[in-house]
Amino acid sequence: MLSVLSAVLALSAVSYGTTGNTDFKNRCLSLEPEKLVDNSQRMRLEYVTNGTTLEFPDNDASCNRATQLVSTNLCRIALYIATSERSGITFELWLPEAWTEARYIATGNGGVDGCVKYEDLAYTTANGFAAMGTNNGHNGTTGVAFLNNPDVVEDFSYRALHTGTVAGKLLTKAFYNKPPAHSYFIGCSLGGRMGVKAAEAYPEDYDGIVAGCPAVDFLHLQGERAMFYPITGPVNSPNFITPDLWTGLIHNEVLKQCDLLDGVKDGIIENPGKCHFRPETLQCPKSKTSGCLNAQQVQQLRRIYAPYTFPDGSLIFPRMNPGNEEQAVKKFFAGAPFSYSQDWFRYVVLNDSTWDAINYNSSLAAVADAENPFNIRTFPRALPSFKARGGKMISYHGGQDNQITMFNTERFWDYMASEDEDLHDYYRFFRVSGMFHCNSGPGAWAFGQGGGAPAEGIPFVKERNVLAAIVAWVERGQAPGGLEGTKFVDDTVELGVDFKRVHCLYPKTQTYIGGNYKHASSWRCV
C-alpha cells in the first residue's frame with residue numbers, strides 16, 4: 001500500500017444533535033467512499049447539521065482555519081488520496097441535503113499553500129452545490145514540501161485539483177444516484193490560476209469557471225514579487241522606507257495625483273491605467289529632511305512603480321497597481337522577502353533551502369521560466385477545447401490589488417483576445433475599482449466571490465453575485481454585461497449598504513457622469 005504522508009488534514013468530532021433528515025443521515029454514514037476511490041483512505045465520514053461549527057484542531061496552524069460554521073445539513077467526506085509513491089492529497093467533499101439543482105463545484109487554494117478553503121465549502125454548500133476542496137498536495141502555507149520532490153510540485157501545478165475533481169464527481173454520483181447536471185470551479189489568486197489551468201488542461205472538468213485575480217504567468221509573477229526585497233533592502237538598510245512613510249506620505253501623494261482623475265475624490269482610483277505616479281514630488285529640498293524622501297528613496301519608487309523588465313527591456317511583469325500601498329507595505333515593502341516567491345525559488349527553482357532572497361535578480365526569472373515544471377506558467381493564448389464544448393469563464397480583479405497587479409489580467413485577456421476576436425463569447429473580465437487582493441478595500445468589492453463576511457452576505461442573483469452569474473451564463477445562456485458590487489458600512493453587513501457600483505465588462509471603463517458619486521446611476525460604462 002502507498003504510504004500516507006504526515007500531517008494529514010484534520011478533523012475532529014463534534015456533537016451534532018439528532019435533527020435532520022434520518023434517511024439522508026443514514027445514507028451518509030453508510031457510504032464507503034474509500035472503496036469507490038482508488039488509492040484512498042478514509043479520514044472522516046460524518047453527518048453535519050445546519051448551525052454546526054466544525055473544529056479542525058489538527059489543521060496546520062498557518063492555514064488560520066481552526067473552525068467553520070456550516071449553514072446547511074450535509075454529509076462530509078474526507079479522504080487521503082495517494083497520487084504517487086511519495087505524494088498525495090487530502091480531500092474534502094461536502095454533500096448538501098438540499099441538492100435541488102444537481103450542481104457540483106470545486107474550490108481553489110491561494111499563495112503556494114495547501115489550505116482547504118473551508119469558508120468556500122460552507123458558502124457553496126449553503127447555496128446548494130456539492131462542494132470539493134483539496135490541500136493541493138501539501139499542508140500549510142509554505143513550499144517546504146516542494147524541496148527535492150517534483151511529485152508534490154506536480155500535485156500543486158495541476159494534479160491535485162483534477163484528482164480531487166474526478167473523485168468528487170464519482171462520489172457525488174454514487175451518493176445522489178445521479179451525476180451532477182453542471183460542474184463549476186471558484187477560486188481567487190492561485191485559485192484563479194488553477195481555474196485557467198483546468199480550462200487549458202482538462203476542459204471537460206468544468207462547465208463554468210470563476211477565476212478571480214488569476215495568478216497567470218505564474219513564474220514571472222514570482223519573479224516580480226521577489227524583486228521588491230532587493231530594491232527596498234532589509235529594515236535596517238540606510239535608505240529603507242518605513243511603513244509610516246508608505247501608508248502616509250507615499251499613499252497620500254498617489255491619491256493626490258490620481259484620485260481625482262475620474263472626477264471624484266473618494267479614495268478610489270477608478271481607472272489605474274490613467275495613473276502614472278511621479279515620486280519626484282516627494283524628494284526633500286535641501287532645507288528639509290523629514291516628511292519627504294531622499295534621492296535614493298525616490299529612485300526606489302521609480303523602480304517599484306515601473307513595469308518589471310529584463311535588462312534588454314523585454315517585459316517580465318506589468319507595473320504594480322498604484323493606490324495599493326497601505327496593504328502592499330505588509331508584504332512587498334516590509335523589508336523582508338515575500339514568502340511565496342522566496343519559497344518558489346528556494347524549493348523549486350534552485351532546490352536550495354539556504355538561498356537568500358536578497359540575492360534575487362532577473363536572471364532567476366529566466367531560469368524559472370525555462371524550467372516551467374509541469375507547465376505551471378499558465379498563460380494560454382487560446383482555450384479552443386474549453387470554448388468548443390461550451391465552457392464559460394469569468395475573471396475579476398481589484399484595481400488596488402496589493403499582491404497581483406490588475407494590469408496582468410488586462411494583459412492576459414488582451415493576449416487571448418488577439419487570437420480570438422469573439423473572446424467575450426466564453427470569457428469575460430471585470431475590473432473592480434477600489435478592491436484589494438480578492439476582497440476588501442474602499443470600493444464596492446463584495447459580489448459573492450467566496451465565503452466569509454461580508455461577501456457571502458450577497459444574495460444569489462446573477463446581477464450581484466459572480467457565482468450566480470456564471471451559473472446563469474452556463475445554464476440559461478445569460479452572459480453578464482456588468483457585475484454589481486456592494487460596499488457595506490465598515491464592511492459589516494449588519495450596518496447596511498454604504499454604496500453600490502456596477503463594474504464594467506472589460507475593456508469598458510467606469511466613467512463618472514455627475515451627481516452623487518455613491519449612486520450607481522452616477523456612473524456609466526463607456
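Lys197 is buried, at 5% relative accessibility. In this predicted model, the side chain of Lys197 forms a salt bridge with that of Glu200, with N and O 2.9 Å apart. Glu200, at 30% relative accessibility, counts as partly exposed. The chain is assigned three domains: domain 1 (33-180), domain 2 (185-215 + 378-485) and domain 3 (221-374).

**Salt bridges**

- Across the whole structure, the search finds 27 salt bridges.
- Side chains of opposite charge can pair when their charged atoms come close.
- Both Glu200 and Lys197 belong to helix 4, where they are three residues apart, or about one turn of the helix.
- Asp217 pairs with Arg411 in a salt bridge whose closest N and O atoms are 3.0 Å apart.
- This pair links distant parts of the chain, as Asp217 is in the loop between strand 9 (208-212) and helix 5, while Arg411 is in helix 12, 194 residues apart.
- Asp217 has a relative accessibility of 0% and therefore counts as buried.
- Glu46 counts as buried because its relative accessibility is 5%, and buried means under 20%.

**Interface of domain 2 and domain 3**

- The C-alpha centres of domain 2 and domain 3 are separated by 26 Å.
- Contacts between the two involve 20 residues of domain 2 and 25 residues of domain 3.
- The size of an interface is often given as the accessible area lost when the parts come together.
- Between domain 2 and domain 3 the buried area is about 1800 Å², and carbon and sulfur atoms give 56% of it.
- On the domain 2 side, Gln400, Gln403 and Phe407 lose the most area to domain 3, and together they account for 36% of what that side buries.
- Nine residue pairs in polar contact are found across the interface of domain 2 and domain 3, with both residues at pLDDT 80 or more.
- Helix 12 (residues 406-417) contributes the most to the side of domain 2 that touches domain 3, with four residues.
- That side of domain 2 is made up of six nonpolar, 11 polar and three charged residues.

**Ser189**

- Ser189 is located in the loop between strand 8 (182-188) and helix 4 (190-201).
- With a relative accessibility of 6%, Ser189 counts as buried.
- Beyond its neighbours within four places in sequence, Ser189 contacts Gly212, Cys213, Pro214, Ala215, Arg225, Ile404, His437 and Cys438.

**Thr232**

- Thr232 is part of helix 5 (residues 218-232).
- The relative accessible area of Thr232 is 5%, so this residue is buried.
- Not counting residues up to four places away in sequence, Thr232 touches Ser237, Phe240, Gln300, Ile304, Phe332, Phe333 and Gly335.

**Tyr176**

- Tyr176 belongs to helix 3 (residues 150-176).
- Tyr176 is buried, and its relative accessible area is 13%.
- When residues up to four places away in sequence are left out, Tyr176 touches Leu95, Pro96, Trp99 and Ala130.
- A polar atom of the Tyr176 side chain lies 2.6 Å from the backbone oxygen of Pro96.
- Tyr176 and Gln299 are 123 residues apart along the chain, and their C-alpha atoms are separated by 62 Å.

**Gly108**

- Gly108 sits in the loop between strand 6 (103-107) and helix 2 (118-126).
- Gly108 has a relative accessible area of 2% and is buried.
- Setting aside residues up to four places away in sequence, Gly108 touches Lys117, Phe185, Ile186, Gly187, Gly191 and Met194.
- The C-alpha atoms of Gly108 and Cys188 are separated by 7.0 Å, and the two residues are 80 residues apart along the chain.

Key: Residues are numbered from 1 along each chain as its sequence is written. This is a predicted model: local features need pLDDT of at least 70, side-chain atom pairs count only at pLDDT 80 or more; totals for chains, interfaces and linings use all residues. Side-chain values use heavy atoms; hydrogens and water are left out. Helices (H or I, at least four residues) and strands (E, at least two) are DSSP runs, numbered from the N terminus. Buried means under 20% relative accessible area, exposed over 50%, partly exposed in between (1.4 Å probe, protein chains only). Contact means heavy atoms within 4.5 Å. Domain bounds come from an automatic or database domain assignment. Buried area is the accessible area (1.4 Å probe) that two parts lose on being put together, summed over both. A polar contact is a pair of N or O atoms within 3.5 Å; within protein, one must be able to donate a hydrogen and the other to accept it, and residues adjacent in sequence count only if both atoms are side-chain atoms. Ala, Val, Leu, Ile, Met, Phe, Trp, Tyr, Cys and Pro count as nonpolar, Asp, Glu, Lys and Arg as charged, and the others, Gly among them, as polar. A salt bridge is a side-chain nitrogen of Lys or Arg within 4 Å of a carboxyl oxygen of Asp or Glu.
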